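This report describes the fold of one protein chain in plain terms. Please look through the sequence and the structure before reading on.

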Amino acid sequence: MITEIKENLKELICQTSKKLYPSLDPSAIVLEIPSDKKFGEYSCNIAMRLASLLKKNPVDTATTISKLIKEEIGSTLLAQRIEDIQVVKPGFMNFYLAPKALFDILESVLELRNRYGQSQKGKGQKIQVEFVSANPTGPLSVAHARQAAVGDALGNILKFLGYEVKKEFYVNDEGNQINILGRSIELRGREILGEKVEFLEDGYQGDYIGDMARIFMDREKLTSIAKLNAKDPADFRRFGVDHLMAVIQKELNDFGVHFDIWSFQSKIATNPEIEKVLNELKTRGFIYEQEGAVWFKSTALGDDKDRVVKKSDGNYTYLTPDIVYHKDKFDRGFNRLINIWGPDHHGYIPRIKAAVQAMGRSKEALDVLIVQLATIFRDGKPLSMSTRRGQYISLREVMDEVGCDAARFFFLMRHIKAHLEFDLELAKKQTAENPVYYIQYAHARISSILKMAAHPGLVVAKKFQRLKEVEELDLIKKISQFPEVVSICAHQLDPYLLTAYLQELASTFHKFYDRNRIIDAENKALSSERLALSEATRIVLANGLTLLGLSSPEKM
RNA sequence: GCCCCCGUAGCUCAACGGAUAGAGUACUAGCCUCCGGAGCUAGUGGUACAGGUUCGAUUCCUGUCGGGGGCGCCA
């Protein structure tokens with residue numbers, strides 16, 4: 001409903017403006033939600049864009065256009081829905097929706113319920129969102145936690161807009177890091193059996209390694225050094241990967257993040273497959289040999305230096321299986337890939353984009369989102385986060401301390417490209433200072449009112465005519481913005497706008513609640529319309545919270 | 001040295017290139033005979049600096065200064 005109104009209005013403005021300036025590019029016409037509600041529900045700046053072309057005062061142009069629109073509008077669906085058009089100072093045309101339009105929107109929310117805000121915009125497009133993809137060498141960190149919250153919410157949003165979305169976790173279960181993992185476990189095992197060992201310089205040092213060694217040796221009955229020596233090193237690796245993947249899956253599951261697909265490097269980037277892809281790249285002229293190594297000519301496609309894909313010792317670099325993996329993604333039919341990475345990988349973007357192009361795909365088919373780190377604060381002081389040593393804050397700690405909903409919301413609250421300050425004390429507070437509870441409180445409050453209204457026998461209205469207070473109309477207008485907010489999130493590939501919107505919606509509701517009595521047995525007709533308005537608000541809050549991966553509690 | 005992100009109110013952050021730069025928090029003063037006071041109302045206060053593009057710049061471009069991160073035949 002609301003998107004229809006906007007589209008129709010845009011079309012009308014376009015046609016009318018073309019009468020003044022026939023070669024007008026329709027994409028130049030932008031309808032935006034004004035910063036201040038006194039400027040109406042939609043505002044158009046086309047007169048100012050045309051000012052220099054027409055060599056006329058934009059206010060005059062806007063006046064002319066708005067007169068023409070008023071003449072034309074009678075013949076369209078908009079006639080009853082646009083109440084007023086005003087021309088203001090620099091040359092804005094501001095459009096004011098009529099109560100009829102607002103009531104239509106309310107009715108459609110109550111009818112569509114959890115589908116309100118959905119669209120079919122993405123129909124037929126297959127998108128893969130790959131995120132977290134942490135090496136199975138330790139528990140997940142806060143950095144992964146933020147990536148998980150972002151990827152999950154973004155995937156939800158894209159699905160909501162009709163895209164066919166798969167959320168995928170890529171498991172790097174081979175390579176140097178995994179060798180080091182296996183070796184670290186083995187060395188801890190030797191220590192447990194009393195052997196004096198020198199630990200690896202770049203080995204994994206967290207306590208969990210020793211725990212894992214103990215579990216493995218119990219299971220395999222490795223009670224002596226001799227038995228341990230007889231063990232295949234690959235067994236340590238395999239155990240390490242399996243064990244840690246189970247830990248990671250459990251953590252993500254508890255965090256409420258669910259993946260559709262788990263891909264394993266060992267299955268996808270097998271040596272024959274790698275050679276096949278390298279041959280293909282060679283045929284296309286992107287491979288050469290130098291100093292005993294095999295190089296990918298990524299500079300030809302925008303990278304700042306060429307990259308080794310096969311070292312002089314015959315091993316592949318990290319990049320090589322990754323190229324195969326990206327080819328695999330496209331082979332599975334995805335026409336758009338979204339990778340969510342940490343900031344430590346940003347230098348890696350040009351080479352993987354080069355690889356995608358070398359395989360004949362457009363570089364626009366791959367979006368790499370860099371999610372900046374979150375710094376965890378306690379009592380106003382940042383907690384140190386030296387990596388590698390196992391001294392980083394884990395997802396588990398944050399989740400246990402502040403709860404899933406609060407943690408996820410905090411991770412989503414800022415642009416993904418902005419550093420995030422995460423205050424544990426604030427996130428833990430169950431008070432007004434905490435925005436999560438502010439939103440959920442509004443949902444719980446409405447749920448409670450709806451329950452209570454059942455007693456006096458009030459019904460939730462389906463048709464509207466009595467809502468006219470400022471707070472009522474403001475609330476409907478805020479509700480009407482939801483589809484657009486979701487759509488902007490998808491366009492920007494960042495869910496943060498939705499967190500801000502939900503706070504505004506909750507605030508608009510609280511104001512309405514504070515100044516207007518909802519349940520009133522003396523005035524049932526008005527009361528049932530206000531109940532319906534509350535229910536519509538609840539629906540939108542729930543839809544938004546669900547997209548972000550948060551719960552919508554009926555009681556708190 | 002090169003690359004990426006960020007400099008906005010005391011603090012944490014907003015503002016598709018638009019209108020008087022907005023919220024929360026803190027501080028001050030108010031609001032419960034009645035639907036959840038985890039709420040509402042009012043007040044105070046700001047674009048790092050220098051140029052450029054534009055009818056219009058917090059936003060885009062160049063430079064300076066400041067903070068964070070990244071730059072391997074590591075992953």
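The model is predicted, so local features need pLDDT of at least 70 and side-chain atom pairs count only at pLDDT 80 or more, while totals for chains, interfaces and linings use all residues. Residues are numbered from 1 along each chain as its sequence is written, and chains are lettered from A and ligands numbered from 1 in the order in which they are written.

**Domains.** Chain A is split into domain 1 (2–97), domain 2 (104–121 + 432–548) and domain 3 (176–244). These bounds come from an automatic or database domain assignment. Taken over C-alpha atoms, the centres of domain 1 and domain 3 are 70 Å apart.

**The sheet.** Helices (H or I, at least four residues) and strands (E, at least two) are DSSP runs, numbered from the N terminus. Two strands pair if DSSP finds at least two bridges between them. Five strands form an open sheet in the order S7-S6-S5-S11-S12, with parallel pairing. Strand S7 (261–264) and strand S12 (366–370) are at the edges with a single partner strand each, so one side of each has no neighbour in the sheet. On average, neighbouring strands of this sheet are turned by 25 degrees against each other, direction ignored; the axes are lines fitted to C-alpha atoms, and angles run from 0 to 180 degrees between N-to-C directions. Within the sheet, S5 and strand S6 (residues 164–171) pair in the parallel sense over 5 bridges. Lys126 has Glu164 in S6 as its bridge partner.

**Helix H21.** Helix H21 (residues 524–548) has 25 residues and spans 36 Å from its first C-alpha to its last, close to the expected 36 Å. The expected span is 1.5 Å times one less than the number of residues. A residue is buried if 20 or more other C-beta atoms, placed from the backbone, lie within 10 Å of its own, exposed if 12 or fewer, and partly exposed in between. In H21, 22 of the 25 residues are buried, so the helix is largely enclosed by the rest of the structure.

Most residues other than glycine have a negative phi.

| Residue | Phi |
|---|---|
| Ser133 | near 40 degrees |
| Glu291 | about 50 degrees |
| Gly549 | about 85 degrees |

Ser133 lies in the loop between strand S5 (126–130) and helix H5 (142–160), and Ser133 counts as buried because it has 22 C-beta neighbours inside 10 Å. Glu291 is in the loop between strand S8 (287–290) and strand S9 (293–296); with 7 C-beta neighbours inside 10 Å, Glu291 counts as exposed.
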